[in-house]
Amino acid sequence: MSLDTPDDRESQPSKSQRKREMQALQALGEKIIALPEAERARLPLSDDMRLAIEETGRIRSHEGRRRHMQYVGKLMRREDTEAIQAAFEEFEQDKLRRDHAFHRLEKWRDRLIDEGDDAVEAFIADYPDVDRQALRQLIRNAKSERERGKPPANARKLFRLIRDTAGL
């Protein structure tokens, strides 16, 4: 029997600390489960972890799911959590880039509708492959819709044209 010295006990995490760490691993497991399959496939997970994640979808009982999440948390101890967190950060960066790109395209759409020919020429200079006739027609229709207080169907079509032209 070995006796713990006070220094040994201080270097070990407390029971509360171990419980918080386990809950954090379970929460990370839940985030992984909530991901779309395509993003989940990009994560560096072990085969056991992938099987446990697939199994989660088949569990209907609340208590069964709770116990299964504890199991997922236990499996998470063996996973490379730093690599998983890095992948989550990469997903966030991708989402931010897409959001910024869509905001730029929305600004283009609003500018094309509001400013007219000057904005059209600037857009054509940036995107020379655009279907100019369709662009001008959609701008006219979107302006007309806006003036009459109609739903923005043509503004949405204009946005789709801009998005497809920009390659997003």
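Predicted model: local features only at pLDDT ≥ 70, side-chain atom pairs only at ≥ 80, totals over all residues.

**Entry 1: the H6 helix**

I started with H6 and asked which of its residues are buried. They are Ile84, Ala87, Phe88, Phe91, Ala101, Leu105, Trp108, Arg109, Leu112 and Ile113. I then looked up what these buried residues pack against, and found H2, H3 (37–41), H5 (62–76), H7 (117–126), H8 (132–148) and H9 (153–166).

Next I checked the length of H6. With 35 residues at 1.5 Å a residue, H6 should span 51 Å, and its end C-alpha atoms are 50 Å apart, which agrees. After H6 comes Gly116, and I noted that its phi is positive, near 80°.

**Entry 2: H2 against H6**

How do the axes of H2 and H6 cross? I found that the axes of H2 (residues 15–34) and H6 (residues 81–115) come within 12 Å and cross at roughly 45°. The two helices are therefore oblique to each other, and I put their crossing down as left-handed.

For the contact itself, I listed Leu25, Leu28, Lys31 and Ile32 on the H2 side, meeting Thr81, Ile84, Gln85 and Phe88 on the H6 side. Sorted by type, the residues of this contact come to 5 nonpolar, 2 polar and 1 charged. Two names from my buried list, Ile84 and Phe88, turn up among the H6 residues that meet H2.

**Entry 3: H2 against H5**

I stayed with H2 and turned to H5. Their axes come within 8 Å and cross at roughly 105°, which makes H2 roughly perpendicular to H5. From H2, I wrote down Met22, Leu25, Gln26, Leu28, Gly29, Glu30, Ile32 and Ile33; from H5, the contact is made by Met69, Gln70, Val72, Gly73, Lys74 and Met76. By type, the contact of H2 with H5 holds 8 nonpolar, 4 polar and 2 charged residues. Leu25, Leu28 and Ile32 of H2 are in this list and also in the one for H6.

Is Gly29 buried or exposed? Gly29 lies in H2, and at 0% relative accessibility it counts as buried. Setting aside its neighbours within four places in sequence, I found Gly29 in contact with Met69, Val72 and Met76. I also looked up Met49: Gly29 and Met49 are 20 residues apart in sequence and 9.1 Å apart in space, C-alpha to C-alpha.

Conventions: Residues numbered from 1 in each chain as written. Heavy atoms only, no water. Axes fitted to C-alpha atoms, helices over the stretch in contact; angles between N-to-C directions. Helix = DSSP H or I, 4+ residues; strand = E, 2+ residues; numbered from the N terminus. Parallel < 35°, antiparallel > 145°, perpendicular 65-115°, else oblique. Left-handed = near helix turned anticlockwise from the far one by under 90°. Contact = heavy atoms within 4.5 Å. Nonpolar A, V, L, I, M, F, W, Y, C, P; charged D, E, K, R; others polar. Expected span 1.5 Å × (residues − 1). Buried < 20%, exposed > 50% of the residue type's maximum accessible area, 1.4 Å probe, protein only.
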